[in-house]
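Please look through the sequence and the 3D structure below before reading on. The paragraphs that follow take the parts in turn.

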Amino acid sequence: MKTYDGLKTVNRLKTFWFPAILLLLLLLIIQTSGNKFGDHAGKVWWWFSLTVLPLSLLLLILSVRAQQSVYSTVSGTVNWLSILLTVVYYISIVFTLLYEPLSSLDLVSILKNSTIYLLIFEGLIMTFLGLTFLRSKRAKQLLKPESEPVIEKKKDFLVPDGVDTASLVMEYEQMVQRDQLNKLQANLIAFAKQYNLPYQDVLLSQRNLRQLENDRLVNIISSENYAMQKAQITNFLLLKINALKK
C-alpha cells in the first residue's frame, strides 16, 4: 500500500483551509458592511466562528507539532480521506451561505438550522485528524528526551563471521566527522542488504534526516531543534558503526 509523509499531508490541509477560510471571511466582512444581515450580524459571525475556529485551531496545533517533524508516514487512505473530509466540510459551509435564494427561509434561519449537522461534521473531522496525528505512536517515539539513550535492539546489526570491517568502520567514522550522514546511511543500507542484515531503522533515520533538512530549508524548525534532532540521528548511526566493530 502506498504511503505518504504525514507532515506533507498536514501542510496540504493548511494550504487549502486557511486561504479558503480567508475568502469566506472577506465575503462576510463585505456583506456585513453592506448591512445584509441587519440586526442579525452578531448571530451570523457567531455561526461562522463555531464552524471554522475549532478546526482552524486544530490545524494550527498540528502545524506547531510539524516544526518538530514528529509525523510518521500515513497510508494513502488516511492521506486522501483527510483532504477529502476537509474539502467537503468547506463546501458544506459555502453551500449553507449561498443556499438562501433556494429556500423560503431567511439566511439567519438557514444558518441556525445548519449549526447542528455542521458541528457534528466538524467534530468527526477533528476526531479523525486528532487520532491520526496527535496520537501517533511514531510521534511519541521521536519526542523522547534527548538524554534518553538509544539502545540497539538485540544487537541485530552484527557482521557475519569472516567479514573484515576494520577499514569499513574507519571509512564510516570519517563520514560522520565530515557530516556526510546521507552518504553514510546509503552505505549502511547497501552493506545490510549485502549481508542480509535488518536495515528498516536505518531507512527510518534516512527519512527523518531528509525531512529535517527540508524543514530547515523552509524555516519551520528552530536552529536548536535542528541541532538536537540531527545529533540524535548521528548518535544512532554511530551505534550502528560500533556494532560493526569486531
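This is a predicted model: local features need pLDDT of at least 70, side-chain atom pairs count only at pLDDT 80 or more; totals for chains, interfaces and linings use all residues.

D179, E213 and K230 are linked in a network of salt bridges. In one of them, D179 pairs with K230, and the closest N and O atoms are 2.9 Å apart. D179 sits in the loop between α6 and α7 while K230 sits in helix α9, so this pair ties together parts that are 51 residues apart in sequence. E213 also forms a salt bridge with K230, with the closest N and O atoms 4.0 Å apart. Here E213 belongs to helix α8 and K230 to helix α9, so the parts tied together are 17 residues apart in sequence.

D179, at 44% relative accessibility, counts as partly exposed. E213 is partly exposed as well, with a relative accessible area of 23%. For these labels, buried means under 20% relative accessible area, and exposed means over 50%.

Another salt bridge joins the side chains of D201 and K240, at 2.9 Å from N to O. D201 lies in helix α8 and K240 in helix α9, so the pair ties together parts that are 39 residues apart in sequence. K240 is buried, with a relative accessible area of 0%. D201 is partly exposed, with a relative accessible area of 28%.

Now step back to the chain as a whole. The chain has 9 helices and 2 strands. Along the sequence, these elements follow the pattern β-α-α-β-α-α-α-α-α-α-α. Of the 246 residues in the chain, 41% are buried. How many of the contacts between residues at least 6 apart in sequence join residues at least 24 apart? The share in this chain is 78%.

Take the pairing with α6 next. The axes of helix α6 (residues 166–177) and helix α9 (residues 223–243) come within 10 Å and cross at roughly 170 degrees. That angle makes α6 roughly antiparallel to α9, because angles over 145 degrees count as roughly antiparallel. On the α6 side, the contact is made by V169, Y172, E173 and V176, and on the α9 side by T234, L238 and I241. By class, the residues of this contact divide into 5 nonpolar, 1 polar and 1 charged.

Helix α6 also meets α7. The axes of α6 and α7 come within 9 Å and cross at roughly 155 degrees. These two helices are therefore roughly antiparallel to each other. In α6, the residues that meet α7 are L168, E171, Y172, M175 and V176, and their partners in α7 are K183, L184, N187, L188 and F191. This contact has 7 nonpolar, 1 polar and 2 charged residues. Y172 and V176 are listed in the contact with α9 and also in the contact with α7.

With 16% relative accessibility, Q206 counts as buried. Leaving aside residues up to four places away in sequence, Q206 touches Q185, A186 and I189.

The buried residues of α3 are G76, V78, N79, S82, I83, T86, Y89, Y90, I93, T96 and L97.

Conventions. Residues are numbered from 1 along each chain as its sequence is written. Side-chain values use heavy atoms; hydrogens and water are left out. Axes are lines fitted to C-alpha atoms, for helices over the stretch in contact, and angles run from 0 to 180 degrees between N-to-C directions. Helices (H or I, at least four residues) and strands (E, at least two) are DSSP runs, numbered from the N terminus. Angles under 35 degrees count as roughly parallel, over 145 as roughly antiparallel, 65 to 115 as roughly perpendicular and the rest as oblique. Contact means heavy atoms within 4.5 Å. Ala, Val, Leu, Ile, Met, Phe, Trp, Tyr, Cys and Pro count as nonpolar, Asp, Glu, Lys and Arg as charged, and the others, Gly among them, as polar. Buried means under 20% relative accessible area, exposed over 50%, partly exposed in between (1.4 Å probe, protein chains only).
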